[in-house]
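Subject: A structure for you to look through

Hi,

Here is the structure I promised to pass on. Please open it next to this email and follow along as you read.

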Amino acid sequence: MNQQITWDAAALTDTGLKRARNEDSHLFRPEKRLFAVADGMGGHQAGDVASRMAVDFVDAFFREAPAADADPQEVGRSLLDAAQHANQEILARGAAEPDKYGMGTTLTTLIALDGACVIGHIGDSRAYRLRNGALSQITTDHTWVQDQVALGALSRSEARRHPYANVLTRVLGMPDADGADVLLADVASGDLFLLCSDGLTSMIEHPDLEALVAQDKPLEQLAQQLVEAANVRGGHDNVTVILLRPVAA
Ligand code: CA
């Protein structure tokens, strides 16, 4: 799709059924074609602070939306910069405030351009694209179990149930993290993009998630159904979803 497009979008976050607080944060700026999900971690409410810092940082960093026809590579470099600076800010605050020491957060950011979505990613929140009924994961989880899957030591379903399933290898707030990944996904008519925290994907198996997302429904209603599906299966974690769909202008 290279003509000018507009985006239909919806977002929803929910504490789930087991956690007392929602430590996920999200950024929903359709007017800037800018979206992000962050899943914070750390005691004494520091997880909320870290995830909120990350999305607020991205919002401020992209005060002006990148032009819809901007070079995706250049936008990708800006996303890397944003993640690096957010990391420094979170580390500095964690060092200065003892109750926030060691706080961290995932960050998956998507900027929609006319020909492509540019995604910056660190941690285990995810970006997916649904095309012709098939849901593909664009991001790779920065988790210990994902490394084992890549090595062939664990299957995907073993990884989901593994006691170390939540052990992250890269997040913002980690001094020696290798930084974020940047991914480019082309956009075709009929595509649907999903950003989510692991509270969605840890509760819903891939085939069920694919079937849910493939329903032809308004995005607000789809977002609601995804959150409900996570809660019906136990709602063990906070869940955040952002859905977007290109609409030819
Ligand atoms: Ca989570």
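Below is what I found in it, starting with a few ground rules.

This is a predicted model, so local features need pLDDT of at least 70 and side-chain atom pairs count only at pLDDT 80 or more, while totals for chains, interfaces and linings use all residues. Residues are numbered from 1 along each chain as its sequence is written, and side-chain values use heavy atoms, with hydrogens and water left out.

The calcium site

Let's begin with the calcium ion. Its protein donors are Asp39 (OD), Asp39 (OD), Asp198 (OD) and Asp237 (OD), lying 2.3 to 3.2 Å from the ion. (Donors are N, O and S atoms within 2.8 Å of the metal, or 3.2 Å for Na, K and Ca; water is not among the atoms, so sites may look incomplete.) Along the chain, the donors follow the spacing D-x158-D-x38-D. Asp39 sits in strand β3 (residues 34-41) and Asp237 in the loop between α7 and β11; the pair is 198 residues apart and links distant parts of the chain. Helices (H or I, at least four residues) and strands (E, at least two) are DSSP runs, numbered from the N terminus.

Are Asp39 and Asp237 buried or exposed? Both are buried, where buried means under 20% relative accessible area, exposed over 50%, and partly exposed in between (1.4 Å probe, protein chains only).

Around β3

Seven of the eight residues of β3 are buried, so this strand is largely enclosed by the rest of the structure. Strand β2 (residues 24-29) runs antiparallel to β3, joined by six bridges; two strands pair if DSSP finds at least two bridges between them. β2 and β3 form a hairpin with four residues between them, and Arg33 in the turn has a positive phi of about 55°. Strand β5 (residues 107-112) is also antiparallel to β3, with four bridges, and here Ala36 has Thr109 as its bridge partner.

A five-stranded sheet

Next, look for the open sheet of five strands, ordered β1-β11-β10-β7-β8 with antiparallel pairing. Its edge strands are β1 (5-14) and β8, each pairing on one side only. Four bridges join β7 to β8, and Leu135 in β8 is the bridge partner of Leu130.

Two helices across the sheet

Helix α6 lies across β7, β8 and β10, running at about 120° to β8. (Axes are lines fitted to C-alpha atoms, for helices over the stretch in contact, and angles run from 0 to 180 degrees between N-to-C directions; contact means heavy atoms within 4.5 Å.) In α6 (residues 206-213), Leu209, Leu212 and Val213 are buried. They cover an arc of only 90° around the axis, which puts them on the same side of α6; the arc is that of the directions from the helix axis to the C-beta atoms.

Helix α7 lies across β1, β10 and β11 (239-248), at about 155° to β11. Its buried residues, among them Leu219, Leu222 and Leu226, pack against β1, β10, α5, α6 and β11. Just after α7, Gly234 takes a positive phi of about 130°.

Enjoy exploring, and write back with any questions!

Best wishes
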